[in-house]
Amino acid sequence: MHRVLALVGPTASGKTAVSLAVARALNGEIINGDSQQVYRGCDIGTAKIRPDEMQGIPHHLLDVKDPHAQFSVAEFQQRVDGLIAEISARGRLPILVGGTGLYIRAVLREYTFAELDTDGAVRARLNTEAARLGPPALHARLAQVDPPAAARIHPNDQLRIVRALEVWELTGQPISTLQQQAAGARYDYLLVGLTMGRDHLYTRIDQRVDAMLQAGWLAEVQALLSRGLRPEQGPLAAIGYKELVSYLRGLATWPQAVEWAKRNTRRYAKRQLTWFRREADIHWVDVEPGPAVAAADIVRLVAGKWHCTIELR
């Protein structure tokens, strides 16, 4: 069974800096575990690492999808499985880094995916309803037919709400019963979560949003729209992007859009932490002392987990 180190945490918790230090120490290669960083052209708004920041460490599963294309947890699982095998064959440690909890869990533990029907006409109709009534209205409908799915999907996550309702209409079954999860481990893994004080995290989130805007995030959103990407489609429906789309469509002032982006990102970070705290086997590492200290703590956890059989650098 291949060994895998999974490094998770909320947005803006410092995963990139810590993962680079850990990868250097453990002869590792990094696999992206963020569902939005797979999209080409979505760089600033996803805080995607730049090639000049990678320090020579191989990074995988970045920029692999066109923003018009769908990307599912099943495809993520399949792609990561292949990467883990390849990296392990090179004698290096696969390090899965990200904040998309369901995607990380699907790689680490047994998770089966039913072949779910799709219907473009049904999906188009539901998207039209969402545009007219708002995603929360469809989320309320989902809560009536599939409470477990509604509980894990945010009321504004139009993409997943529409998908869940589409499956219900086509199959008569809740998507939550078709996505069956079991507890068995798929890899010999170590799951590490980064943590810091809430006030510190929220300050970092606000500062990062400001930095992204200064780096040209609005122009990035405009470029995606110019390519024909619809506001409810793919990455433009993600937190931050959708708030800037609202500004461009005249539905919000600039101060409102910026504040909404910060507020909704803080709320998203809180949901991420709630998800990861449910993982019984997670090891929490305080990142407030800095990435070097956190990386050293993670290396010690790895040494204890695998009895120093991985060559430390």
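This is a predicted model: local features need pLDDT of at least 70, side-chain atom pairs count only at pLDDT 80 or more; totals for chains, interfaces and linings use all residues.
The model has an open sheet of 6 strands with parallel pairing, and their order is 3-2-4-1-7-8. Strand 3 and strand 8 (283–286) are the edge strands, each pairing on one side only.

Within this sheet, strand 2 and strand 4 (residues 93–98) pair in the parallel sense over 5 bridges.

Helix 10 spans residues 217–226, and Trp217, Glu220, Val221 and Leu224 are buried in it. These residues lie on the same side of helix 10 because they cover an arc of only 100° around the axis.

What do the buried residues of helix 10 pack against? Their partners are helix 9 (198–214) and helix 11 (241–248). Just after helix 10 comes Gly228, with a positive phi of about 95°.

Asn27 is worth a click: its phi is near 55°, a positive value in a residue other than glycine. You will find Asn27 in the loop between helix 1 (15–26) and strand 2 (28–32). Is Asn27 buried or exposed? With a relative accessible area of 19%, Asn27 is buried, since the cut-off for buried is under 20%.

Ala47 is not a glycine either, yet has a positive phi of about 55°. Ala47 sits in the loop between strand 2 and strand 3 (59–60). The relative accessible area of Ala47 is 24%, so this residue counts as partly exposed.

## The second largest pocket

Which helices each supply at least two residues of the lining of the second largest pocket? They are helix 4 (120–133), helix 11 and helix 12 (254–277). Helix 11 gives the most to this lining, with 4 residues; helix 11 is also one of the two helices that the buried residues of helix 10 pack against. By residue type, the lining of the second largest pocket divides into 9 nonpolar, 5 polar and 5 charged residues.

## Two residue pairs to compare in the viewer

Val293 belongs to helix 13 (residues 291–306) and, at 39% relative accessibility, counts as partly exposed. How far apart in space are Val293 and Ala21, C-alpha to C-alpha? The distance between Val293 and Ala21 is 9.6 Å, while in sequence they are 272 residues apart.

The other pair involves Ala151, which is placed in helix 6 (residues 147–152). With a relative accessible area of 69%, Ala151 is exposed. Ala151 and Gln77 are 74 residues apart in sequence, and their C-alpha atoms are 23 Å apart in space.

Methods
Residues are numbered from 1 along each chain as its sequence is written. Side-chain values use heavy atoms; hydrogens and water are left out. Buried means under 20% relative accessible area, exposed over 50%, partly exposed in between (1.4 Å probe, protein chains only). The arc is that of the directions from the helix axis to the C-beta atoms. Contact means heavy atoms within 4.5 Å. Ala, Val, Leu, Ile, Met, Phe, Trp, Tyr, Cys and Pro count as nonpolar, Asp, Glu, Lys and Arg as charged, and the others, Gly among them, as polar. Two strands pair if DSSP finds at least two bridges between them.
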